[in-house]
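Reader: Hi! I'm new to reading protein structures, and I'd like to ask about charged side chains and chain contacts. Could you take me through them step by step?

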2 protein chains.
Amino acid sequence: VKVPWIEEASKASKEKKVLVGVSGGLDSMALLHLLCESGFRKVIVCHLNHGLRGRDSGGDARFVKRAGEKLGFEVEAGKIDLLKRIEEMGESLETAGRKARHQFFGSCGRKYRCSRILLAHHADDQAETVLWNLMRGSLGCRGMRETTQLAMDGKAMRVVRPFLGTRKSELADWMEERGLRWREDASNAVSDVVRNCLRNEALPLLAEISKRDVIPNLVRAAETDEEWRGLLDWAVAGADVIDPQGRLHTAAMRKLPDVLKRGIFAEYLRGIGISKIDRNLLDRCAGLLDIGNAASLNLPGGGRLRRRSGRIFSEQF
Amino acid sequence: VKVPWIEEASKASKEKKVLVGVSGGLDSMALLHLLCESGFRKVIVCHLNHGLRGRDSGGDARFVKRAGEKLGFEVEAGKIDLLKRIEEMGESLETAGRKARHQFFGSCGRKYRCSRILLAHHADDQAETVLWNLMRGSLGCRGMRETTQLAMDGKAMRVVRPFLGTRKSELADWMEERGLRWREDASNAVSDVVRNCLRNEALPLLAEISKRDVIPNLVRAAETDEEWRGLLDWAVAGADVIDPQGRLHTAAMRKLPDVLKRGIFAEYLRGIGISKIDRNLLDRCAGLLDIGNAASLNLPGGGRLRRRSGRIFSEQF
C-alpha cells in the first residue's frame with residue numbers, strides 16, 4: 001500500500017509520539033503494522049472496549065494488547081458499557097461510540113502528553129460518509145478530512161486519517177501478504193444500521209447499476225468538496241469588504257457571489273462570538289444587503305445586525 | 001405549484017416566443033398547461049416522435065397536437081426512427097434520444113426564429129442526474145442547470161428548465177386538481193436502463209435507509225455545486241496573475257488554492273483555442289509552477305506551455 005501521509009511522516013516525524021486508535025479489526029491493525037514497518041517507534045496503541053461483542057470484546061482487547069506489545073509499542077486499554085450509555089443518553093450506537101472513543105482518546109492524549117492521533121478510516125468508509133452526508137442534506141458531498149483539529153474530552157487533538165485514499169481491499173491484501181492477523185468484525189461492532197445498509201446494500205447497488213467501482217468517485221467528490229471549501233476560505237480571507245471600523249461595506253459585498261457573501265457573514269458572526277451559525281441565518285444576513293429589506297435583524301443569543309449608511313455592523317441591545 | 005422562473009417570465013417576457021419540448025407525459029404537459037395559465041401566448045409546442053412505443057408513439061403525437069392546438073399554440077411535430085439511429089451510431093438510448101431531440105429543437109428554433117426552449121426536467125430528474133454524475137466521477141455533484149446555453153443542430157439555444165426545483169408529485173397533484181390529462185410513459189420511453197434503475201431502485205433504497213426524502217437534498221447538492229463553480233468563475237475573473245504580455249505570473253499563481261490554479265489554466269488554455277481540457281491536463285499545467293518540474297509541457301493539438309523567467313506562456317512548435 002502506498003500511503004502518502006505515512007511516507008512523509010516517516011521522514012519528518014517518526015521519532016515523535018503518536019496515538020493510534022486500534023479496535024483490532026483489519027483497518028486499524030493494518031495501520032499499526034504499517035507504522036511499525038515505516039519506522040515509527042513511539043506509538044501508543046489506544047484500544048477502547050465498548051463491551052458490545054460479549055466474550056469477543058475481551059478477546060479483541062487481549063489481541064490488541066498482545067499485538068501492540070509484540071511490536072514494542074505502549075498499549076492503553078479502556079473499557080466502557082456502551083449500551084448502558086446509549087440507554088442513558090438516547091444516542092445512536094454510532095454517535096455514542098464515537099463520543100466514547102473521543103473521550104477515551106482525549107484522556108490518552110493527556111496521559112501521554114500527545115496531541116496527535118491516527119485513525120484507520122479508509123476510502124470505503126469515506127465513500128459511505130459522503131453518501132450519508134448527501135442523503136442527510138446540508139453538508140453536500142462532505143467527507144472526513146485527512147487532517148483535522150478536534151477537541152476530545154477537552155483536549156485539542158490533531159486527528160489524522162492516513163488511509164482515506166486507501167481501499168479496504170488493499171489493506172487486506174497487504175496484511176495477507178505478510179501473514180498478519182486481525183479480529184473479524186472488531187471494527188464493525190459500532191457501525192449503526194444506516195452505515196451497514198449503506199455499505200452492504202446501497203453502495204453495491206450503485207456499483208451494479210453504474211457497472212463501475214463507485215468508491216473512488218465518491219472519495220474524489222469529498223476531495224473536491226474540500227477544495228471548494230478551501231477556495232471559499234481563501235476568498236473570505238482576501239475579500240476587501242471591511243472598513244477601518246470593522247464594519248462590512250455593503251456596496252463591496254453586493255458585488256460578490258452569494259456563497260462568498262454567506263462565507264463573509266459567517267466569518268463576521270464568528271468574530272463577534274456567535275457559534276450557532278446555519279444556512280438560514282446566513283441567508284437572512286445576506287438579505288440585509290438588499291435595501292428593500294428591513295435594515296436590521298436579531299441574532300441568536302441577543303444583539304443584532306444593522307445596516308446603516310452603507311455599512312453593516314453588530315450592536316448589543 | 002410555485003415555479004419562480006415562470007412567475008418572473010410571465011411578468012417580463014410572456015409576449016415573446018418560446019419553444020417547449022413536449023413528449024405528452026406528465027412533466028411536459030404540466031409545463032404546457034402552466035405556461036397557458038400564466039399567460040404565455042406565443043408558445044411553440046415541439047414534439048419529437050422517437051418511434052419507440054409502437055402504436056402508442058403515434059398516439060402520443062396526436063395527443064400532443066390536439067392539446068397544443070386546443071390551447072391555441074403552434075405545434076411542430078417531428079419523427080425519427082431512434083432504434084435505427086442507435087444501430088448506426090452505437091450510442092445509448094438516452095444519448096441518442098437527447099441528440100435527436102436537440103437536433104429537432106435546433107431546427108424548430110430556426111424555423112420559428114426562436115432561441116429559447118423550455119424543457120420539463122423536474123427535481124426528481126435532477127436528483128437522478130446528481131446521483132448518476134456522482135457515480136460516474138469527474139463531475140462531482142453536478143446537476144442540470146436551470147438556464148444554460150447550448151448549440152442545438154448548430155443553432156445557439158437558451159435552454160431553460162423551470163421545474164428543476166419542483167417535485168414530480170407536485171406536478172401530478174396540480175394536473176389532477178384541474179382534471180388535466182397526460183400520456184403515461186410517454187416521457188419514460190427514452191430513459192435508459194441506468195436511469196430507470198436509479199429512479200426505481202437506488203433512490204427508493206437510499207430514502208428507505210436514511211428514512212427521509214432524499215430528493216430535495218440531492219437537488220440542493222446540485223445547487224451548491226453550481227454555486228461553487230460560480231465562485232470559481234468569479235475568482236478566475238478577478239485573479240491578478242496575467243502580465244501585460246498576456247503571460248501567467250508564476251509567483252502570483254503559486255499563492256493561489258490549487259482549484260483556482262486549475263481554473264486559471266483552464267481559462268488560459270481556452271483562450272489559446274484548446275478545447276479538450278481535462279483534469280489530468282490541468283494538473284500537469286499546475287505542475288509547471290513547481291520549479292522542480294520540467295519547464296515545458298506539450299499541449300493537445302500541438303503547441304506547448306513553457307515556464308521561463310517567472311512567467312508561463314504558450315508557444316507553437
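**Charged pairs and the contact between chains**

Author: Happy to! In this predicted model, a salt bridge joins the side chains of Arg229(B) and Asp225(B), at 2.7 Å from N to O.

Reader: Which helix holds Arg229(B) and Asp225(B)?

Author: The two residues are four apart, about one turn of a helix. Both lie in a helix of chain B that covers residues 215-238, and that helix is H9.

Reader: Is Asp225(B) buried or exposed?

Author: A residue counts as buried under 20% relative accessible area. Asp225(B) has a relative accessible area of 6%, so Asp225(B) is buried.

Reader: How many salt bridges does the structure hold over all chains?

Author: Side chains of opposite charge can pair when their charged atoms come close. A salt bridge is counted for a nitrogen of Lys or Arg within 4 Å of a carboxyl oxygen of Asp or Glu. Over all chains, the number of salt bridges is 52.

Reader: How many residues apart are Asp56(A) and Arg183(A)?

Author: Their side chains meet in a salt bridge of 3.9 Å, N to O. Asp56(A) sits in helix H3 (residues 55-70) of chain A, while Arg183(A) is in the loop between helix H7 (168-177) and helix H8 (193-210) of chain A. The pair therefore links distant parts of the chain, with relative accessible areas of 40% for Asp56(A) and 23% for Arg183(A), both partly exposed.

Reader: What is the distance between the closest N and O atoms of Arg306(A) and Glu315(A)?

Author: Glu315(A) is partly exposed, at 22% relative accessibility. Glu315(A) forms a salt bridge with Arg306(A), and the closest N and O atoms are apart by 2.8 Å.

Reader: What is the nearest side chain of opposite charge to Lys155(A)?

Author: Lys155(A) is placed in strand S6 (residues 155-160) of chain A. Leaving out residues up to four places away in sequence, Lys155(A) touches residues including Gly106(A), Arg110(A) and Leu150(A). Lys155(A) is buried yet has no salt bridge, and the nearest side chain of opposite charge, 10 Å away, is Asp153(A).

Reader: Now for the two chains together. How much area do chain B and chain A bury between them?

Author: The contact takes 39 residues from chain B and 39 residues from chain A. Carbon and sulfur atoms account for 76% of the buried area. The area buried between the two chains is about 3,400 Å².

Reader: Which three residues supply 21% of the area that chain B buries against chain A?

Author: These three supply more than any other three residues of chain B. They are Met135(B), Ile209(B) and Trp228(B).

Reader: How many salt bridges are there between chain B and chain A?

Author: In one salt bridge, the side chains of Glu227(A) and Arg262(B) meet at 2.6 Å, N to O. Six residue pairs are in polar contact between the chains. The salt bridges between chain B and chain A number two.

Reader: Which helix gives the most to the side of chain B that touches chain A?

Author: Helix H6 (123-136), helix H8 (193-210), H9 and helix H11 (258-271) of chain B each supply at least two residues there. By class, that side has 24 nonpolar, four polar and eleven charged residues. The helix that gives the most, with twelve residues, is H9(B).

Conventions:
Residues are numbered from 1 along each chain as its sequence is written. Chains are lettered from A and ligands numbered from 1 in the order in which they are written. This is a predicted model: local features need pLDDT of at least 70, side-chain atom pairs count only at pLDDT 80 or more; totals for chains, interfaces and linings use all residues. Side-chain values use heavy atoms; hydrogens and water are left out. Buried means under 20% relative accessible area, exposed over 50%, partly exposed in between (1.4 Å probe, protein chains only). Lys and Arg count as positive and Asp and Glu as negative; His and the chain ends are not counted. Contact means heavy atoms within 4.5 Å. Buried area is the accessible area (1.4 Å probe) that two parts lose on being put together, summed over both. A polar contact is a pair of N or O atoms within 3.5 Å; within protein, one must be able to donate a hydrogen and the other to accept it, and residues adjacent in sequence count only if both atoms are side-chain atoms. Ala, Val, Leu, Ile, Met, Phe, Trp, Tyr, Cys and Pro count as nonpolar, Asp, Glu, Lys and Arg as charged, and the others, Gly among them, as polar.
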